[in-house]
Amino acid sequence: MDKISNVRGRKILNSRGIPTIEVEVEAKGVRGRASIPEGKSVGKYEAVSLPPEEAIENIREKIAPAIIGKEANFKEIDRELIKMDGTENKSNLGANTILGISLACARVQAKLEKKSLFDFLSQFFSSESEDKKEIDLTVLMNIVNGGMHAFGGPDIQEYHIVIKGENLEESIFLGAEIYREMRKFFKGNIGDEGGLVPRFNDNQFPLEAISRVIAEKQVRKKVRLGLDVAASQLFDGEKYKLGQALLSPQALLEFYLRLSKKFDIVYLEDPFCEDDYNSFTILKEKIEGCLIVGDDLTVTHFEKTKKAIEEEAISGIVVKPNQVGTLSEVIDIINFAQKKGIKVIISHRSGETNDSFIADLAVACGAWGIKTGAPARGEEVAKYNRLLEIYYEKKSQD
Ligand code: 2PG
Ligand code: MG
């Protein structure tokens, strides 16, 4: 039995310079660590995170006494902490607190089993991909930032290049090359996710600029376009503010249909606000060759994901571990969605740390895609470099 001998929480900084937590779990002399990111465009149905001081106090006063001496098994620990928290949204202990313990515990288990994290995690997923040597992952790089993630710039929050090269290595380096090339259009600012920020609010210009670079490089077959509109942030309860216009849901829907005809858009996340399943459903039915993806709509929540699937509102979901607060629940949602034929996109948050857990998770579950910002700053590069490390490690096993 590998019993937990110590649990600690500490305060560190995230990429916005805001305090967050890092958690360490120890068993049999082996330590696992995890640090927790924070969102800015937070869905109103997400689990609740607590300020770092409160999270750390909860670890010291409540969690450590309860789990020290228990087996280092993240599933059992998750179950215990969900019970101890006792709320629907984890507001008692904090989703960030519980997730820190959960991820750190999984890292301890992987180390004790002498496995790479992705290898350890893959046993919990039912997708066929666990047997595959090749990593079949689409890379979504958010290379132009707007909305809440930028000062000035467009209203649309994220402009992605959706890259599927010959292999993961090619996808990452091709994306980085396009990002560097894009600097000729946007000099100066970068946003919260390392993407470039135009100095003016024009929602179409970034799409034109990216399309131009893709055409110049002749990589149309490998690089397409995607948007995270984060539409809840643009909604006033009745209409959506886009540039100078105030659009009804119907008018916004028509805007998307026009936009997707004009540009090669294959990915559309949160095109409407988090309560408007109906508009998602109509858009999904009308738009061709484009994934309709829930993030604020589904918030890595089992029932919300189930509802969105039943209403035929989505063809993909974004999975963010801190929206729900335990690794066990993340695993359940991914398995459920994949079984229903829904594409899974593992995502970072806009206030990140150097923790690259999501890279291992994306590979382990055979996700359709990973969304982790621009290849610009340490916290985002950490995920890309971890993906490359996993890619090379798997390749060397051939
Ligand atoms: C999103 C995310 C990450 P935030 O909306 O998808 O890109 O942003 O972490 O601010 O919620
Ligand atoms: Mg989003």
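1. Let me start with the lining of the second largest pocket: its residues divide into seven nonpolar, five polar and eight charged. In this scheme Ala, Val, Leu, Ile, Met, Phe, Trp, Tyr, Cys and Pro count as nonpolar, Asp, Glu, Lys and Arg as charged, and the others, Gly among them, as polar. Please keep in mind that this is a predicted model, in which local features need pLDDT of at least 70, side-chain atom pairs count only at pLDDT 80 or more, and totals for chains, interfaces and linings use all residues. Residues are numbered from 1 along each chain as its sequence is written, chains are lettered from A and ligands numbered from 1 in the order in which they are written, and side-chain values use heavy atoms, with hydrogens and water left out.

2. The second largest pocket has a volume of about 380 Å³, and its lining is made by 20 residues, with Glu88, Lys90, His301, Val324 and Glu329 nearest the centre. Helix 2 (74-85), helix 9 (302-310), helix 10 (321-324) and helix 11 (327-339) are the elements that give two or more residues to this lining. For your own grid work: on a 1 Å grid over the protein atoms alone, a cavity is a set of points where a 1.4 Å probe fits but cannot get out, while a pocket is an open set with protein on both sides within 12 Å along at least five of seven lines; lining residues have an atom within 4 Å of a point. Grid points are joined across faces, edges and corners, and a volume is the space filled by probe spheres set on the points. Helices (H or I, at least four residues) and strands (E, at least two) are DSSP runs, numbered from the N terminus.

3. Lys90 deserves a look of its own. This residue is found in the loop between helix 2 and helix 3, and its phi is near 60°, a positive value in a residue other than glycine. Most residues other than glycine have a negative phi. Lys90 counts as buried at 5% relative accessibility, where buried means under 20% relative accessible area, exposed over 50%, and partly exposed in between (1.4 Å probe, protein chains only).

4. On to the domains, whose bounds come from an automatic or database domain assignment: domain 1 (4-114) and domain 2 (138-396). Their centres, taken over C-alpha atoms, are separated by 27 Å. Across the boundary, 33 residues of domain 1 are in contact (heavy atoms within 4.5 Å) with 32 residues of domain 2. The second largest pocket draws at least three lining residues from each domain.

5. How many cavities of 30 Å³ or more does the structure hold? There are three. The largest cavity has a volume of about 140 Å³ and is lined by 16 residues, with Ser35, Pro37, Leu103, Glu352 and Ile358 nearest its centre. Helix 3 (95-112), helix 10 and helix 12 (357-365) each give two or more residues to this lining. Both domains contribute to the lining, so the largest cavity lies between them. By class, the lining has six nonpolar, five polar and five charged residues.

6. The second largest cavity holds about 70 Å³ of space. Its lining has 15 residues, and His149, Glu158, Glu193, Lys320 and Ser350 lie nearest the centre. By class, the lining has no nonpolar, seven polar and eight charged residues. Here again, at least three lining residues come from each of domain 1 and domain 2.

7. His149 sits in the loop between strand 4 (138-145) and strand 5 (158-163) and is buried at 3% relative accessibility. Leaving aside neighbours within four places in sequence, the contacts of His149 include Lys40, Ser41, Glu158, Glu193 and Ser350.

8. Asp228 lies in strand 6 (residues 223-228) and Glu269 in strand 9 (residues 265-269), so the pair ties together parts that are 41 residues apart in sequence. Asp228 is buried at 2% relative accessible area, and Glu269 is buried at 0%.

9. Asp270 is another residue with a positive phi, near 40°. Its place is in the loop between strand 9 and helix 8 (277-286), and Asp270 counts as buried at 2% relative accessibility.
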